[in-house]
Amino acid sequence: MAFPDDFVWGVSTSAFQIEGATREGGRGVSVWDTFCATPGKVRNGENADIACDHYNRFPEDVALMVELGVKAYRFSVAWPRIQPTGHGEVNVEGLDFYDNLVDALCEAGIAPVTTLYHWDTPQPLEDNGGWLVRDTAERFAEYAQILGERLGDRVEMWIPLNEPMVETLFGYALGEYAPGKALLFDAMPAAHYQNLAHGLAVSALRAAGAKNVGTANNHSPVWPASQDEGDLTAARHLGAVINWMYSDPVLTGKYPDEVIPYLPSDYADDLPKIAAPLDFYGVNYYEPQGVAKPGEGNPLPFELRPIEGYPLTTNDSPVVPDGLREFLSTLKNRYGDALPPVYITESGCSFDGVHDRQRIDYHTEHLAALEKAMSEGVDVRGYFVWSLLDNFEWSKGYQPRFGLVHIDYETLSRTPKDSFHWYRGVIGGAR
């Protein structure tokens, strides 16, 4: 593979999925703590109270990254560790943890890439309306300022929110993730207020002296079941809901027409704030999404269809490497010069075992697709594997294994997989 010498090779994690220590260090309760404690919400009744115990073992995990040879580590900060109630006084012990983590990364020559939010809203904020109300966006900006002032001298890349689409769709529209609401299109204000939180945080970070601020949106090519007008219309609606509702306002200061009826009445006043200029655009890619016109009785303007004819991961995701190239090309064509440099902020798959040939094949094929997209003119600057460690995979508990490093959840021992050693070779030899 031929990638530029300054191409950023990294790995990604999130706080709730790996840290554990949910009752240590002054951390407050998050919506995911509450969701896990609700019977029937998480497979096998599992929770993230211990997870990978990264909170207590982060030096061991930094040493693994040094062995791996990555240039950057994308991690998220647990908002409840910094502000247990989501506003007001700072929990110094929680802030010290991330300060120490950032110092350890810098000493190891690994660039800290900090995501401020990966779905773990402080429960008191959710009790007051969560992402359905404007106040949460304003509280988030205050939180961003705290982190910017403390870590801005060392963090090299900033991402305010991870995948607001997933929070909106699975957390508020369908109820499959925390906070477990099933509001369908009444969930759309959560998308807008997360977009607003993003824009306010970008400005707050810059005011605090932070540099290199971007985003990380989950994106999927949308494949209609046929070229019939009904299926094509459904594809336009779905594309707006899962893709353009998050990228359009950030990059162009506008929402796609299809979602405007579901937004707060004063949404337009927020668009200049949402469209704060970015230094990079993060794409999290896993799979395309099939769609068809809705069947009788379906209240939605589309009906999801499975992608068939491709191998599946153990998480039942189809492996479609060229979907990455396809979407990057679409992104470039849609936004032109308004698109900042792109980073693949997440790409990964769930497969079992330490001898994980399928994961090696997955990344080999996705990097080939990425290389092709770059040869076609897409300005991509880096690739972050999801994930460094096996971890708590939200409502599916610990069954899916996405890590380059195997975690024994009984002993918490770390064992690098074959894919770890393969990726080390890629990083060392990719020119």
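**Helices, strands and core**

Modeller: Helix α5 (residues 92–107) has 16 residues and reaches 22 Å from its first C-alpha to its last, close to the 22 Å expected at 1.5 Å a residue. Keep in mind that this is a predicted model.

Biologist: Which residues of α5 are buried?
Modeller: The buried residues are Gly94, Leu95, Phe97, Tyr98, Asp99, Leu101, Val102, Ala104 and Leu105.

Biologist: And what covers them?
Modeller: The cover for the buried residues of α5 includes α1 (15–18), α3, β2 (72–76), α4 (79–82), β3 (111–117) and α7.

Biologist: What comes after α5?
Modeller: Gly109 follows α5, and its phi is positive, near 75°.

Biologist: Where does α3 bend?
Modeller: At Glu60, by about 35°.

Biologist: Which of its residues are buried?
Modeller: In α3 the buried ones are His54, Tyr55, Phe58, Asp61, Val62, Leu64, Met65 and Leu68. The helix is followed by Gly69, which has a positive phi, near 90°.

Biologist: On to strands. Is β3 mostly covered or mostly open?
Modeller: Mostly covered, since 7 of its 7 residues are buried.

Biologist: Which strands does β3 pair with?
Modeller: β2 is joined to β3 by 5 bridges, and the two run parallel. Thr115 in β3 is the bridge partner of Ser76. β3 is also joined to β4 by 4 bridges, again in parallel. There, Trp158 in β4 is the bridge partner of Thr114.

Biologist: What about β7, why call it enclosed?
Modeller: Strand β7 (residues 281–285) has 5 of its 5 residues buried, so it is largely enclosed by the rest of the structure.

Biologist: Which way do its residues point?
Modeller: Tyr281, Val283 and Tyr285 point one way from β7, while Gly282 and Asn284 point the other way, and all are buried. In a regular strand, side chains alternate between the two faces of the sheet.

Biologist: What are the neighbours of β7 in the sheet?
Modeller: Strand β5 (residues 216–219) is joined to β7 by 4 bridges and runs parallel to it. In that pairing His219 stands opposite Tyr285. Strand β10 (residues 342–347) is joined to β7 by 5 bridges, also in parallel. Here Val283 stands opposite Ile344.

Biologist: Change of topic. Is Arg154 buried or exposed?
Modeller: Arg154 is buried, because its relative accessible area is 18% and the cut-off for buried is under 20%.

Biologist: Where is Arg154, and what does it touch?
Modeller: Arg154 is in the loop between α7 (134–151) and β4 (157–161). Its side chain makes a polar contact of 3.0 Å with the side chain of Asp153. Leaving aside neighbours within four places in sequence, Arg154 is in contact with Asp99, Val102, Asp103, Cys106 and Pro112.

Biologist: Last one, the nonpolar core. Which residues touch the most other members?
Modeller: In the largest nonpolar core, of 130 residues, they are Trp32, Leu370 and Tyr423. Helix α10 (residues 229–252) gives the most to this core, with 11 residues.

Biologist: What is Trp32 in contact with?
Modeller: Apart from neighbours within four places in sequence, Trp32 is in contact with Phe16, Trp119, Tyr177, Ala178, Phe392, Trp394 and Ser395. Another core, of 10 residues, lies apart from the largest one, and its members include Ala111, Val113, Met157 and Phe280.

How values were computed
Residues are numbered from 1 along each chain as its sequence is written. This is a predicted model: local features need pLDDT of at least 70, side-chain atom pairs count only at pLDDT 80 or more; totals for chains, interfaces and linings use all residues. Side-chain values use heavy atoms; hydrogens and water are left out. A nonpolar core is a set of buried Ala, Val, Leu, Ile, Met, Phe, Trp, Tyr and Cys residues joined through side-chain atoms within 4.5 Å. Buried means under 20% relative accessible area, exposed over 50%, partly exposed in between (1.4 Å probe, protein chains only). Contact means heavy atoms within 4.5 Å. A polar contact is a pair of N or O atoms within 3.5 Å; within protein, one must be able to donate a hydrogen and the other to accept it, and residues adjacent in sequence count only if both atoms are side-chain atoms. The bend at a residue is the angle between axes fitted to the seven residues ending there and the seven starting there. Two strands pair if DSSP finds at least two bridges between them. The expected span of a helix is 1.5 Å times one less than its number of residues.
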